[in-house]
There are 2 protein chains.
Amino acid sequence: MKIIVLKFGGTSVGSLKKIEKVVKIVISYVKKKYKVIVVSSAMEGVTNELLLKTQNIAKNFPEEEKDVILSTGEQIACALIAGKLNDLGYKSRSWLGWQIPIITSGNYSSSRIIEIKKKNIVNYIKKGGIPVITGFQGINNDFRITTLERGGSDTSAILCAKFFKADKCIIFTDVKGIYTTDPNLTKSAKKIEKISYEEMLEMASLGAKVMQPASIQEARLNRIEIDVKSTFSKKNGTIITKKRNILHKNTIRGISFTKNDAKLTLVGVKDKPGVAASIFKPLYENSINVDMVVQNISPVGRETDLTFTVKLEDLSKTRKLVEKNKSIKFKKLIINRNVSKVSIVGVGMITTPGVTFRMFKALAKKKINIEVISTSEIKISVLINKKNLKKSVEILHQEFKLSSSL
Amino acid sequence: MKIIVLKFGGTSVGSLKKIEKVVKIVISYVKKKYKVIVVSSAMEGVTNELLLKTQNIAKNFPEEEKDVILSTGEQIACALIAGKLNDLGYKSRSWLGWQIPIITSGNYSSSRIIEIKKKNIVNYIKKGGIPVITGFQGINNDFRITTLERGGSDTSAILCAKFFKADKCIIFTDVKGIYTTDPNLTKSAKKIEKISYEEMLEMASLGAKVMQPASIQEARLNRIEIDVKSTFSKKNGTIITKKRNILHKNTIRGISFTKNDAKLTLVGVKDKPGVAASIFKPLYENSINVDMVVQNISPVGRETDLTFTVKLEDLSKTRKLVEKNKSIKFKKLIINRNVSKVSIVGVGMITTPGVTFRMFKALAKKKINIEVISTSEIKISVLINKKNLKKSVEILHQEFKLSSSL
């Protein structure tokens, strides 16, 4: 059996008209002799609307019941798809998480799929049926409905591809694929043909919003090749695959960036062992993610400056925690909201010397000051003044020839 | 264990504010030391909205998938109730049809509950939990979601009362109880304290819209006493119970009426054996319900007039079927849309002579012409001109002293 998993996101099933379009896509793959498994999200906006109900009725609405409510979104979308397929003469039915079952563990509202039982779905496919499976949900050992993290329908699809040994997993969404950088920022952005899991992970967590990092990680671990493409275009999308399937024509695959960072600098920190830990401990305890960190070597040897970034939404909380922290001494706290992080991402970086140099030189040529630097094996990030964001992205896009075919 | 079933209808849970009110009612019964089982409908309007989606996406939307979609309404309402109870410190959870399970048989969209498995709910109650059970739904032998007929949540509640051996079953709704006649028609209408299942059945199918006949029949068969009362008033409602629990102060319990009937008269029908069957066969085959029927004895002995009533919505179909019916001969078809059926209902009627006479005399006194009559053991119905409806109901209400305490 040549099995294919087709996953449709919330915007793809955002209206009855769009669901009819989705059904046409499903039928086109049936006609190509695939055994199709459909995985669907809830109709766009529905999950948020349901969430609002739980927030408006109770201060502490229990997660268990929240999952019962949120799971109805996918239930409705899947039944509409299956119903329309029937109407057009195709054998199809909705399969809810508990009917398959999709077994999860962990907390409500952030469960993880640990197994998808094969029997029911495989039997149904063998009988010529098109199963339409609810994304984002399952049941736990208590026989109760659970949901995954937001955006978890991608993970559902990837694990369906794993458990049902699919040849392919296509994620249909509202963009045409993964781009070298945000097409809204610069017209030179270009669709990427193939990208590695690792590069995609860096792109996703740094700002490209197409797929959740957790689902890409799941695909990477299970070696599931993903094809990301638009529901509303026939053109090829982007394939997310193993590193070695990728031609290294280009060292750098893409440029991602953020707009919601804040930089904090503690000036004149008494430099003694463990001082950094003392600063970050209360932040960690309050679930504040510290991103870039740099500690200057002070000339005197007794005092140092420490700079780090957090998300803008965490800034005021961070500021309070730092200011009331009695275990550290410093002269001044400088805060800068006007920063952006620009990152170049590419698995080819490791084997290509001089990438860092080229990046810094290109920015220097345009007199763009780099405030903080951080690097990993496949990415280099720099913190710059937000007003230079567009210019920086464009100059780097040009420097690494991302507009040429990938 | 003193178990009580509290059932809330769609208007009772029609908004988050109203659900908070429902939760208060539940808590008040917990405080009276009852073990409470809650059964809820979907929030008002939700089921129709979902139904519309299925109708708008496909001409022949399959019933199986319709049930998957419609069942989400109760799922959400129950989880909201359970969630709010938790928020206020009470142990509660939603129980969906398939989790209990509530086992149904028959067709999708009009299934019947054949069993409610006791174990899960009884264990949960013993642990001090308040189960909130989805009305209107269950699962069948194929492990798929089914729904009952519209209004089936009442049946769910009544069968919960049966299977969990409840002491009481209270149906909370948006009216204060069952009235002697429609309070919107005449101010003299009075709330009935107690009514028998049989009387209620006649009242329900004749126009009182508080409960579906099927659910009353289920209560009658299982001898479940029902208390119908308003969610929004502390006053006593109406108790629906066995005949022998009712004091027969009054012969007549109530007056019901319809406004959507049409009368058809076939003039000059060739009177030969089986002519009535020939007329009604095509109507039966097209699911048209014929209500009142009267056949005049013709003076000539060879021709007769035949009159019957159908629902207004079936009139044009009926007319066509009669006109193209080649197995009957008649001179003229007269149609009258301006008719209403008024019925007096009461179990005391059987043992009280003269009720028919009193009814006819009271109407005659006001010069109200009776067009058709039909009777059963506990009701007498007359067809009158619609313009006389209000006057008829009022005169009968007075004649049978329905305004005095019941």
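Hi everyone. Two strands count as paired if DSSP finds at least two bridges between them, and strands themselves are DSSP runs (E, at least two residues), numbered from the N terminus, as are helices (H or I, at least four). With that in hand, strand β1 (residues 3-8) and strand β2 (residues 35-40) of chain A pair in the parallel sense over six bridges. For example, A:Ile3 stands opposite A:Lys35 in β2(A).

A word on the source: this is a predicted model, where local features need pLDDT of at least 70, side-chain atom pairs count only at pLDDT 80 or more, and totals for chains, interfaces and linings use all residues. Residues are numbered from 1 along each chain as its sequence is written, with chains lettered from A and ligands numbered from 1 in the order in which they are written.

Back to the sheet. In chain A, eight strands form an open sheet with mixed pairing, ordered β3-β6-β2-β1-β9-β11-β12-β10. β3 and β10 (194-196) of chain A are at the edges with a single partner strand each, so one side of each has no neighbour in the sheet.

Now, how do the chains meet? Chain A gives 31 residues to the contact and chain B gives 31 residues, where contact means C-beta atoms, placed from the backbone, within 7 Å. α4(A) supplies the largest share of chain A's side, 10 residues.

Finally, symmetry. A rotation of 180 degrees with 0.0 Å of shift along its axis superposes chain A on chain B, RMSD 0.1 Å (least squares on C-alpha atoms of residues with pLDDT of at least 70 in both copies). The two copies are therefore related as by a two-fold rotation axis. Within chain A, A:Thr72 has the C-alpha nearest that axis, 2.8 Å away.

How values were computed. Contact = placed C-beta atoms within 7 Å.
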